[in-house]
Amino acid sequence: MMTPERRDAMDEMIVKIRSGRLTRRSFLERATAIGLSSTAAVSLLEACGGTSGNTGGNGSTVNIVWQSEKDSTTPSVYQAVTNDFNNSVGRQKGIHVTWQQGPASTNDLLTKYDDMLRARSHSIDVMSVDVVYPAEFAANGWSKPITNTQWPSSARSNYLPGPIQSCTFQGNLVAAPLRTDLGLMYYRKDIITTPPATWDDLVSMSKEAVAKGKTKYGYVWQGAQYEGLVCDFVEVLYGFGGTILDPNDSKKVTVNSPAAQQALAAMVSWVGTISPAAVTTYQEDDARLVWQNGNSAFMRNWPYAYSLGNASGSAIANKFDIHGLLTGGSNTDGGHSCIGGWNLAINAYTPNGDASWEFINYLLGPAAQKKLAIDASQTVSLQSVYDDSDVLAKQPLFGKLKPILQNAKPRPVSPRYPDLSNVLQQHLYAALKKQETPSAALSAISSSLQTLVS
Ligand code: GLC
C-alpha cells in the first residue's frame with residue numbers, strides 16, 4: 001500500500017495541479033517518479049479534473065457515474081440493470097447513469113478510489129466498495145451516510161443482516177448492501193461421486209482424478225498476491241480451526257498457531273501437485289477459465305462462477321455442483337466460507353447525492369436484485385430472492401446456500417484493513433513461492449499485525 005511519504009508527495013501534487021501550479025506533463029512525471037503506474041497516474045490526473053456530476057446538455061438531466069467491481073457476465077448484467085434504471089426511474093426523475101467496468105482485482109479498484117478521493121474528486125458518484133473497505137472509507141469521511149429517511153429500518157429488515165452489518169460503521173450506515181459473496185467448493189459431478197468433507201479428502205480425490213486421466217489438474221484456486229489470496233487462506237485457516245485475531249479481543253493476534261501452520265503448509269503443498277504451479281498467478285477469473293475448460297476436478301470460487309459455468313460454450317455445463325468449504329486437522333466444526341461482497345457508497349464529494357441514492361435504491365429493489373440473481377447467480381442481499389421460485393428454477397444453487405451462509409465468517413474487521421491485508425498477502429505469497437517457510441511467514445505476519453492492531 002501507500003507509504004506516508006508517497007501520500008504526502010501525492011497530496012502536494014494534487015493541491016498544485018488543482019490550483020494550476022503544475023502542468024499536466026510535470027504532474028504525470030512526478031506521479032510516475034513516486035511509483036504510480038502510468039495508468040494510475042492518468043486516472044489520478046483525470047480525478048483531479050473531476051468530469052462527472054454535471055447536468056446534461058438540456059440542463060435538466062443529472063448525469064452520474066457508477067463504478068462497479070469487475071462484471072464477468074456477457075452481456076454485462078450491470079450494464080443491463082443500469083439501462084433498466086435509465087429507462088424507468090431515471091427517465092421519470094431526470095437521472096442518467098453511466099456504468100463503468102471495474103478492474104480484475106479489488107486492490108486495483110481501491111487504488112483508483114484512493115487516488116480519486118484524496119483529490120476530493122467526484123469523477124465517480126456511486127462507488128461499489130468491497131465489503132472489507134467501508135470502515136476505512138467511513139473513517140476517512142469518503143462516503144455520505146445513508147439516512148433513516150432515505151432507507152427506513154422497515155425496508156432494511158428485508159435484507160440479509162450480515163451485509164448490512166458490513167455497511168455499518170460506528171452505528172451509521174455508510175453504504176448500502178448490493179450483494180454478499182461466499183467462497184464455494186465447486187466439484188465435477190461426473191468425476192467425483194461424493195464431495196469431499198476435508199482438505200485431505202480433496203487431495204486424495206484430486207490425485208485419483210488426475211491419475212485416471214479424468215482431468216489435467218485436481219484443484220484450482222486463487223494464489224496470486226492480492227486480496228483473493230487472503231480469502232482463500234482464511235477459509236483453509238478457519239477449516240483447521242484457526243483465527244487471525246482473537247474473536248473476543250480484536251487487539252490480540254492469534255494467527256501464529258498450530259492450526260495456521262497446518263493450514264498454510266497444506267496450501268503450500270498443493271502448489272505444483274494437485275494444483276498447477278501457475279496457481280500462484282491466479283485470480284478468480286484465471287481459475288474459472290481453467291475450470292470452465294474442463295481442466296480441473298475442483299475449484300474454489302464465488303457464486304458468480306455458477307451461471308458462467310452453465311452458460312453455453314462452457315465445457316462443464318450441467319456437469320458440476322457446489323459444496324461448502326472443507327475442514328482440516330482435528331477440527332470438526334464444519335467448513336467456513338469467507339464472506340465477501342460489494343456495497344454501494346455515495347462519494348462524499350459529489351453534489352449529486354440524491355440522484356446517487358435514487359440509483360442505489362433501484363439496485364436494492366426486487367427487480368434489479370432478482371435480475372442479478374437470475375442472470376449472474378449473484379448472491380444478492382434481498383432475502384426474498386433466496387426463496388423465489390423463478391430464481392430457484394434458473395439457478396438451483398440458491399437452494400443450497402442457507403447452511404453455507406450461516407457458517408460463513410468474515411475477514412478481520414478494521415479501518416486499517418488494507419494494511420492488515422497487505423501484510424498477509426505478502427507473506428502468504430512468499431510461503432506459496434517457497435521463499436519463506438510457513439512458520440517464518442506466520443511469525444512475520446503475527447508481529448506486523450500486532451503493531452497494526454494495537
Ligand atoms: C470478491 C469478493 C470480495 C473479495 C474479492 C477478492 O469480489 O466479493 O469481497 O475481496 O473477491 O478477490
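Q: Does C231 count as buried or exposed?
A: This is a predicted model in which local features need pLDDT of at least 70 and side-chain atom pairs count only at pLDDT 80 or more, while totals for chains, interfaces and linings use all residues. Residues are numbered from 1 along each chain as its sequence is written, and side-chain values use heavy atoms, with hydrogens and water left out. Buried means under 20% relative accessible area, exposed over 50%, and partly exposed in between (1.4 Å probe, protein chains only). C231 has a relative accessibility of 3%, so C231 counts as buried.

Q: How many disulfides does the structure hold?
A: A disulfide is taken as a pair of cysteine sulfur atoms within 2.5 Å. By that criterion the count for the structure is zero.

Q: Which cysteine sulfur is nearest to that of C338, and how far away is it?
A: The structure holds zero disulfides. C338 is accordingly in no disulfide, and the nearest cysteine sulfur belongs to C231, at 3.9 Å.

Q: What is the relative accessible area of C338?
A: C338 falls in the buried class. Its relative accessible area is 0%.

Q: How far is a polar side-chain atom of W342 from an oxygen atom of the ligand?
A: A polar contact is a pair of N or O atoms within 3.5 Å; within protein, one must be able to donate a hydrogen and the other to accept it, and residues adjacent in sequence count only if both atoms are side-chain atoms. D181 places a polar side-chain atom 2.6 Å from a ligand oxygen, and G341 has a backbone N or O atom at 2.8 Å from one. For the polar side-chain atom of W342, the distance is 3.0 Å.

Q: Which residue of strand 14 is the bridge partner of R179?
A: Two strands pair if DSSP finds at least two bridges between them. Strand 7 and strand 14 pair in the antiparallel sense over six bridges. The bridge partner of R179 is W342.

Methods: Helix = DSSP H or I, 4+ residues; strand = E, 2+ residues; numbered from the N terminus.
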